[in-house]
Amino acid sequence: MRRAYFKNNWIAAALVAPQLLIIFVFFYWPTAQALYWAFTLEQPWGGGNQWVGLENFQAIVEDEYYWNSVMVSIIFAFFSTLLSMGMALVLAIAADRQLNGYKFYRVGLIWPYAVAAPAVGLAFRFIFNPSAGLLSHLNQIWPGIWDPIMNGDHALAMVIFAGAWKQVAYNFIFFLAGLQAIPRSLTEASAMDGAGVLRRVRDIQLPLLAPTAFFLLVINITDSFTDSFGIVDTMTAGGPARATDLMVFKIYEDGFRGLDYSGAAAQSIILMLLVMVLTFFQFRYIERRVHYT
Amino acid sequence: MADINIRRVEKSYGDTRVVHGVDLDIRDGEFVVILGPSGCGKSTLLRMIAGLEAISGGEIAIGGRVVNDLEPRQRGCAMVFQNYALYPHMSVAENIGYALKIAGIGKAERRARVQSVATAIGLEDYLDRRPGQLSGGQRQRVAMGRAMIREPKVFLFDEPLSNLDAKLRVQMRLEIRHLHQRLAATSVFVTHDQIEAMTLADRMVVMNQGNIEQVGAPSDVYDRPASTFVASFIGSPPMNLLPGRMTESGQHVELADGQHVPIPTALAQGRAGRPVTLGIRPEDIRHGPAAGGSGLTAKFDFLEELGMGRLFHGTLGGQDIIMHATDKTPPVFGTAVDIAFDPSRLHLFDVETGKRLAGESGRADKEQWSGYRATA
């Protein structure tokens, strides 16, 4: 295919330069810097560094807290993705059926996406507060049944729920768009063929939504690894006893609180590689199952 | 028994009424075609029969049972959609067999029935393909196979041929006709294509703006259109409609330019002196002076060659007219030439309501025209 092209290359260069500059300054440069730091020992208050090769990575691999953090991150990614995509799918199917009031909640459901993660975290901290929140009534009946401050599983569940809630809006938009892109005549044809509502969802809508679901899976998993800092920071600060110590939160803790820039940089590199590998595997093993034409 | 009785059925979307109290009885095994321009409510009516649209007023009964509140699956209809609506993620066999699968019919029987339907529609070699790998005509066949497999009481067709090219359309038309002869299921076919309607229908229903204009056998509708709408909608090129006035004697219609068209006296019916719309089909006009000397003249500007005849375009009484001439008279353009109307094929319509005047066809006068032609 022939493309339109600029005869004056410098105009094209000038037009893309601002964008490239932004990407370079805020993405490639820090990444390159982190990569460099990961192989050096950086002084906490500046003033030079020392090349240490793979020692930073070695220290991380030998650190049991790090492996705990990886485990927690994987659990968080799995369940928050499952929960948010599940909720979004149910809501989108309801909205697509144009049940009463769908115009209202179609808009209403999109708003949470515009709320910043720390705000979400703060709001859920009140809701899930064991002594004053909504679930505190349970504690009145069965004392101690809900205790995210002391119980690590409860804390992780709480963080997962908040993270999922924030992602629901985004997933909802895509699922709804995906559903509305399915020709209405297909669901009508299956209705004529004798399928009830649930059967139509299962046989027609879900299979045809597979490409959308795959896209959302990749985005959600990536997001839950890299974008969950705000929620953890406001809700649990990684506790109790590192039960919610997600990788991205540990990077922040080790780097900015522990002033171990080099260790944090090495962890960032590992996280980046982990997300890349995960994405690769998703494309390799799931993507080819979702395309049907 | 699957006759369909439609009683004063209405459809509104909010304040907009799109179907205005339609009455229609479709007999068991009949092939009825609903014909009309876009937006006339024909598809809506079909979808109300299918159960895909709620009925705003009136009732629809299939096989004597009122179906207003029944789900589509409870009505025993199968439908062929305009865009085929094949399930893109299923193979041809799965598409055809889907209804049986839902009905809980076992795998072995399902396979046998899919096989027999596939043979009937000539797709037995394509059962493992996905719809995306089929041509338009093959997809159309799959859609029909999917409808056939349930052996429904009623077939509904929603403009099923309009996405096909001209040649395939003719072929599929014949296949649908064959299918109907074999299965003898009640069929309702919606289209905006008058050729499809004329060729397929046992009876056709002409709709306009949410009302039924006329119901009848194709030849009746063609020969005796009930209104100017039907007259101009059916026939290609359409019927010429000329404004005029019945003379006091009731033997002529005077056109805008003062020319007199003789009409059979039976048509006058006490409308002497009143304005009327005179209709004449292009093929009922011919060259040459009329026998009685009451010569009509028209001026022609150009012609279109059809092979089986020629379409002369011109004006008569200030109106554009078209004459379909099958003789080889050398064309004369730009000056008035003699033409003659077949008086037995004249149609008169009320100017205000557009309804046909003189219910009886002029066909009885056919002899007169033959003699007339002989003397001309």
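Q: Which side chain does Arg17(B) meet in a salt bridge?
A: Glu10(B), with 3.8 Å from N to O. Bear in mind that this is a predicted model.

Q: What about Glu53(B), which side chain does it meet in a salt bridge?
A: Arg47(B), at 3.2 Å from N to O.

Q: And is that pair buried or exposed?
A: Glu53(B) and Arg47(B) are both buried.

Q: OK, Arg345(B). Where is its salt bridge partner in the chain?
A: The partner is Asp223(B), with the closest N and O atoms 3.3 Å apart. Asp223(B) is in helix H7 (residues 218–223) of chain B, while Arg345(B) is in the loop between strands E19 (336–341) and E20 (347–350) of that chain. The two are 122 residues apart, so the pair links distant parts of the chain.

Q: Why do Arg345(B) and Asp223(B) count as buried?
A: The cut-off for buried is under 20% relative accessible area. Arg345(B) has 13%, so it is buried, and Asp223(B) is buried because its value is 10%.

Q: Switching to the nonpolar side. Which residues touch the most other members in the largest core?
A: That core has 57 residues, and the ones touching the most other members are Ile4(B), Ile6(B), Leu45(B), Ile60(B), Ile62(B), Met79(B) and Leu156(B).

Q: Which element gives the largest share of it?
A: Helix H7 (residues 152–181) of chain A, with six residues.

Q: How far apart are Ile6(B) and Ile60(B), in sequence and in space?
A: They are 54 residues apart in sequence, and 4.6 Å apart from C-alpha to C-alpha. Ile60(B) is one of the contacts of Ile6(B) beyond four places in sequence, and the others are Val22(B), Asp23(B), Leu24(B), Asp25(B), Leu45(B), Ile49(B) and Glu59(B).

Q: Thr277(B): which strand, and buried or exposed?
A: Thr277(B) is in strand E14 (residues 275–280) of chain B. It counts as buried because its relative accessibility is 14%.

Q: What does Thr277(B) touch, not counting residues up to four places away?
A: Thr228(B), Leu241(B), Leu242(B), His347(B), Leu348(B), Phe349(B) and Val351(B).

Q: Helices now. At what angle do H3(A) and H7(A) pack?
A: About 40°, with the axes 6 Å apart; H3(A) covers residues 64–96. That angle makes H3(A) oblique to H7(A). The crossing is right-handed.

Q: What about H2(B) and H3(B), how do their axes cross?
A: At roughly 130°, coming within 9 Å. H2(B) covers residues 92–102 and H3(B) residues 107–120. So H2(B) is oblique to H3(B), and it passes H3(B) in a right-handed crossing.

Q: Which residues meet there?
A: From H2(B), Ala93(B), Ile96(B), Gly97(B), Leu100(B) and Lys101(B). From H3(B), they meet Arg110(B), Arg113(B), Val114(B) and Val117(B).

Q: Last one, chain A overall. How many helices and strands?
A: Chain A has 12 helices and two strands, in the order α-β-β-α-α-α-α-α-α-α-α-α-α-α along the sequence. Of its 293 residues, 41% count as buried. The C-alpha atoms of chain A fill a box of roughly 75 × 75 × 35 Å along the principal axes.

Terms used: Residues are numbered from 1 along each chain as its sequence is written. Chains are lettered from A and ligands numbered from 1 in the order in which they are written. This is a predicted model: local features need pLDDT of at least 70, side-chain atom pairs count only at pLDDT 80 or more; totals for chains, interfaces and linings use all residues. Side-chain values use heavy atoms; hydrogens and water are left out. A nonpolar core is a set of buried Ala, Val, Leu, Ile, Met, Phe, Trp, Tyr and Cys residues joined through side-chain atoms within 4.5 Å. Buried means under 20% relative accessible area, exposed over 50%, partly exposed in between (1.4 Å probe, protein chains only). Helices (H or I, at least four residues) and strands (E, at least two) are DSSP runs, numbered from the N terminus. A salt bridge is a side-chain nitrogen of Lys or Arg within 4 Å of a carboxyl oxygen of Asp or Glu. Axes are lines fitted to C-alpha atoms, for helices over the stretch in contact, and angles run from 0 to 180 degrees between N-to-C directions. Angles under 35 degrees count as roughly parallel, over 145 as roughly antiparallel, 65 to 115 as roughly perpendicular and the rest as oblique. A crossing is left-handed if the near helix is turned anticlockwise from the far one by less than a right angle, and right-handed if clockwise. Contact means heavy atoms within 4.5 Å.
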